[in-house]
Amino acid sequence: MSVRNGVEEGGRSVIEAIKRQFGSIWSGLRDGISKCSEELWRDRDNPRSAPSRLAYHTVQTVEYYLGNSRKFDWNARFSVNWEHGDIDDLPSKEQLLAYIDEIEAAVQQRLQNATPEQLAGPDPGPWGFQSAAERWLYILRHSQHHLGQMAMVLRRAGLEPGVWR
């Protein structure tokens, strides 16, 4: 195996690992959402940490970082801002699950088309990441942070958190 082939194969392995980690995020979100009662989903006692808000923000932020611009209409998807919107206006569990399906497909497609050189190369976005790989790692880290918040909400409600894989 040449050095070039070794780097290429290693880069492809990293891309496959990122795809698998996103798969774990989506599985945890779907499972966590499925465990929420409607009352917990729109937790009026704790609207800032309601699962509907956490899940919506998590998926929407992945969509945001799939782009290469800071221009993003945070209200476009469901006509509600994840951060300041009324709890009753946030998406339903069914809407969020469909949104996850859409963004999961977009992530898989983007990673399927990525090359090791692109991953190691400069990030084209305006956020200051040193490489495209760093952006992907940031998106995973951010998503995991909010998945952990959702797990805490579920545990406090006496439920098991979303599946951890």
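Biologist: Why is Glu 94 called exposed?

Modeller: In this predicted model, Glu 94 has a relative accessible area of 54%, and because the word exposed is kept for residues over 50%, Glu 94 falls into that class. Glu 94 belongs to helix H4, which covers residues 93-113.

Biologist: Why does Thr 58 count as buried?

Modeller: The relative accessibility of Thr 58 is 1%, and since buried means under 20%, Thr 58 is placed among the buried residues. Thr 58 sits in helix H3, residues 51-66, and, once its neighbours within four places in sequence are set aside, Thr 58 is in contact with Leu 29, Ser 143 and His 146.

Biologist: What makes those residues contacts of Thr 58?

Modeller: A contact requires heavy atoms within 4.5 Å, and Leu 29, Ser 143 and His 146 each meet that requirement with Thr 58.

Biologist: Which residues touch the most other members of the largest nonpolar core?

Modeller: They are Phe 22, Trp 26, Leu 29, Leu 96, Val 107 and Trp 136, in a core of 42 residues. At least two residues of this core come from each of helix H1 (3-35), helix H2 (38-41), H3, H4 and helix H6 (132-156).

Biologist: What does Phe 22 touch, leaving out residues up to four places away in sequence?

Modeller: Phe 22 touches Val 62, Val 107, Leu 111, Trp 136, Ile 139 and Leu 140, and of these partners Val 107 and Trp 136 are also named with Phe 22 among the residues that touch the most other core members.

Biologist: How many helices and strands does the chain hold?

Modeller: The chain has 6 helices and 0 strands, so that, read along the sequence, its pattern is α-α-α-α-α-α, where a helix is a run of at least four residues.

Biologist: What share of the contacts in the chain between residues at least 6 apart in sequence joins residues at least 24 apart?

Modeller: That share is 71%. As for burial, buried residues make up 45% of the 165 residues in the chain, while the accessible surface comes to about 8,900 Å², with 51% of it belonging to carbon and sulfur atoms.

Notes
Residues are numbered from 1 along each chain as its sequence is written. This is a predicted model: local features need pLDDT of at least 70, side-chain atom pairs count only at pLDDT 80 or more; totals for chains, interfaces and linings use all residues. Side-chain values use heavy atoms; hydrogens and water are left out. Buried means under 20% relative accessible area, exposed over 50%, partly exposed in between (1.4 Å probe, protein chains only). Accessible areas come from the Shrake-Rupley method with a 1.4 Å probe; for residues, only the protein chains shown count as cover. A nonpolar core is a set of buried Ala, Val, Leu, Ile, Met, Phe, Trp, Tyr and Cys residues joined through side-chain atoms within 4.5 Å.
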